[in-house]
Amino acid sequence: IYKERKTADDEFGWDERQLPPPHLKALQHLQSSPLSRLWSCQWREPVPGPAGHQGGHFSREANRKAIQYLQPNGGAGCPSGEDIQRTFPTLAEWQKSKFPIRPKPVRECKWRRIIEDAEARHLDTNLALAYTRYLHDTTAYPQLALPPHVIHNTALSKEEERQLSARWVRLEYKDIKGSIYTFKVAEPHKKRCRVVHACYINELCKDHADQPPPFKLRTFDEINLILATAIFVTQFDAISMYNQFRLENVHKYFAFKTRQGVYAALGDLPMGFTHACGVAQTLSILITFTDNTSIIIIVYVIVHLDNYLFAFSYRNEPTSTEFDDELKEVVLNTIGEFFERTLNAELQL
């Protein structure tokens, strides 16, 4: 589109940066969009646009956050990518149509080896066992007598379904116990779209009597305090971690219909499943746990789902070069053990 256009100076007689993007819609469409409503709210003007285009709760909330962020004194944090896409739906739709999904090929993680290794080190594995039940144990799920009445088609194109189909499982309708809705969300900073699965079994799982215990993440204050005193920090993350966890015997709770009219189910743990974070967090805690501290060095491990940060601090102010040698030894031993465990479990970083 840009190559075929004349230059701004030849066509209009002004600077090219003043031209609107070529994909924008007509003025009437813009006046009825959340972008125009955002400007109207900022200046206390009547909301323009035809009736029925005033936007719902989420659009108004996104507008409010954006307005607070634009105030001279701040007043709010930067709007999230989701807030921006809700405020500018035209841009979001354009991004979803232009950015590819780019699925990453990953191997299956042998997550049972993580638990076996932790048990050999006499660590408490009860929390991990409670969450990993959802990878293979049908009794962990609420039992439904009949298949769902509605099995949703995906919001993906045929080509996008083809790219993902190698990790799907074919199902018969009578075997389905839960459905999902598959769509994609644009991630402009990565120039791709993330595939998301909304799982309708989530609400039933939340009301299920057999719930796994809750887990906690470190707070921002705790993380900042650790990093403020750290002398060496290194970080790793797992590649598409949820896709590395294969489902066994529980595919029927994550079924959908393809554009070919075929019933299928996910073969991997969906990130949109309510207990997926618990699976990732509890296994990550076990694989990163270390007691490799010394009388000179303290090792802190910050685990956030599929992100692992190792921070090393001195217990006291160093007084000789021996402290540096001790630090090097502790760092190499700690990271080396972590790499050995990931290799043993075939967890890809």
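## A tilted aromatic pair

Phe 312 is buried (under 20% relative accessible area; exposed is over 50% and partly exposed in between, with a 1.4 Å probe and protein chains only), its relative accessible area being 0%. The model is predicted: local features need pLDDT of at least 70 and side-chain atom pairs pLDDT 80 or more, while totals for chains, interfaces and linings use all residues. Residues are numbered from 1 along each chain as its sequence is written, and side-chain values use heavy atoms, without hydrogens and water.

Aromatic pairs are rings of Phe, Tyr and Trp (its six-membered ring) with centres within 6.5 Å; planes under 30 degrees apart are stacked, over 60 edge-to-face, and the rest tilted. This rule gives 17 aromatic pairs.

## An edge-to-face pair

The ring centres of Tyr 131 and Phe 215 lie 5.8 Å apart with planes at 80°, so this pair is edge-to-face. It links distant parts of the chain, 84 residues apart: Tyr 131 belongs to helix α8 (residues 126-132), and Phe 215 to the loop between α10 (202-207) and α11 (220-229). Helices (H or I, at least four residues) and strands (E, at least two) are DSSP runs numbered from the N terminus. Tyr 131 is buried at 5% relative accessible area, whereas Phe 215 is partly exposed at 26%.

Phe 312 pairs with Phe 232 in a tilted arrangement, 5.9 Å centre to centre and 50° between the planes.

## An aromatic cluster

Tyr 134, Tyr 141, Tyr 253, Phe 254 and Phe 273 form one aromatic cluster.
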